[in-house]
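Here are a few notes to read alongside the structure. Take them one at a time, and keep the view open as you go.

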Amino acid sequence: MSRMMMISAAVAVLGIGAYFVTSPSPSVTPADPLGAANAQTAEADVDTSTIQEMSLGNPDAPVTVIEYASFTCPHCASFHAGPYKQLKADYIDTGKINFVYREVYFDRFGLWASMIARCAGTPQSFFGMTDLIYSGQSTWARAGEPTEIVAELRKIGALAGLDADTMEACLQDGDKARTLVAWYQEHAEADGIDSTPSFVINGQKYSNMAYNEMAALIDAAAE
C-alpha cells in the first residue's frame, strides 16, 4: 500500500472508530473510541509503553529485522506464506537475527485482527495466530459486512484456543485499541514507513523484496 493510501487509512481509522463487538452475537456497534471527537488527542497523549513488542529469534543477535505489515494487506499475506517461512528457518530459528513484527492499521478490520492476535498473550502464541490470520485472509477479509468479518475472526480465535469471553474482552478494550493505533503511528513515522510490507534491517528501511535479496542484506549487516 502506498504512502497516500496509508495516510488516508490512518485518518479513516481515527475518524470511523474501532467498531467493537458488543456481544458474542454478530451485531456490531460503533463504540468510536478513536473517533473524530478524539482525533486531536495525538499519540503524544497516549502512553504506548504498555504495548508489547512481538519478537522471535535472538534478542542479542547482531541483526534486527523489523517487519511492518497489515493483516489486510495481500502482499503481506504472500510474504508470510513463502519468504517468511524461509526467513524463520534460516535466520530466526537459528538465532541469527532478532525478528520484530509491527502491525500497520489501514482499516478497522486489520485493527480487529491485531486485537484477536494479541489476545493470545505471548509472542509465540501471537505469531501462531498471525499465521492463521494471514492464511485465512482471503476468507475473513472478504466475508462482507463488518459483522461477518468479526464472526470469521472469532472463528480463527476459537481455532487457536481462545474462548468467547476472552475474545470479547479483547475486542471491547477501547483503551487498548487507541493505544495500538498511537503505537503504530509513533513507530511508522519514526521509521518512515510508506508501504507494506516494509522492513527495517539494523535501522535501514527497505520495501518488499525477494527473499534472496533480504538474505543478502541480512548477511551483509551481520559482517
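1. Start with the crossing of H3 and H10, which is right-handed. Please keep in mind that this is a predicted model. H3 covers residues 83–92 and H10 covers residues 211–222. Their axes lie 10 Å apart, and the helices pack at an angle of about 30 degrees. Because angles under 35 degrees count as roughly parallel, H3 is described as roughly parallel to H10.

2. Now look at who meets whom in this pair. From H3 come Pro83, Gln86, Leu87, Asp90 and Tyr91, and they meet Tyr211, Met214, Ala215, Ile218 and Asp219 of H10. Sorted by class, this contact has seven nonpolar residues, two charged and one polar.

3. Next, find Cys73 in the loop between strand E2 (63–69) and helix H2 (74–81). Is Cys73 buried or exposed? Its relative accessible area is 4%, so Cys73 is buried, the cut-off being under 20%. Beyond its neighbours within four places in sequence, Cys73 is in contact with Phe106, Tyr134, Gln137, Thr196 and Pro197.

4. Finally, visit Asn98 in strand E3, which spans residues 97–103. Asn98 counts as buried because its relative accessibility is 11%. Which residues is Asn98 in contact with, leaving aside its neighbours within four places in sequence? They are Ser55, Leu56, Asn58, Pro59, Ala61, Val63, Thr64 and Val65.

Conventions
Residues numbered from 1 in each chain as written. Predicted model: local features only at pLDDT ≥ 70, side-chain atom pairs only at ≥ 80, totals over all residues. Heavy atoms only, no water. Axes fitted to C-alpha atoms, helices over the stretch in contact; angles between N-to-C directions. Helix = DSSP H or I, 4+ residues; strand = E, 2+ residues; numbered from the N terminus. Parallel < 35°, antiparallel > 145°, perpendicular 65-115°, else oblique. Left-handed = near helix turned anticlockwise from the far one by under 90°. Contact = heavy atoms within 4.5 Å. Nonpolar A, V, L, I, M, F, W, Y, C, P; charged D, E, K, R; others polar. Buried < 20%, exposed > 50% of the residue type's maximum accessible area, 1.4 Å probe, protein only.
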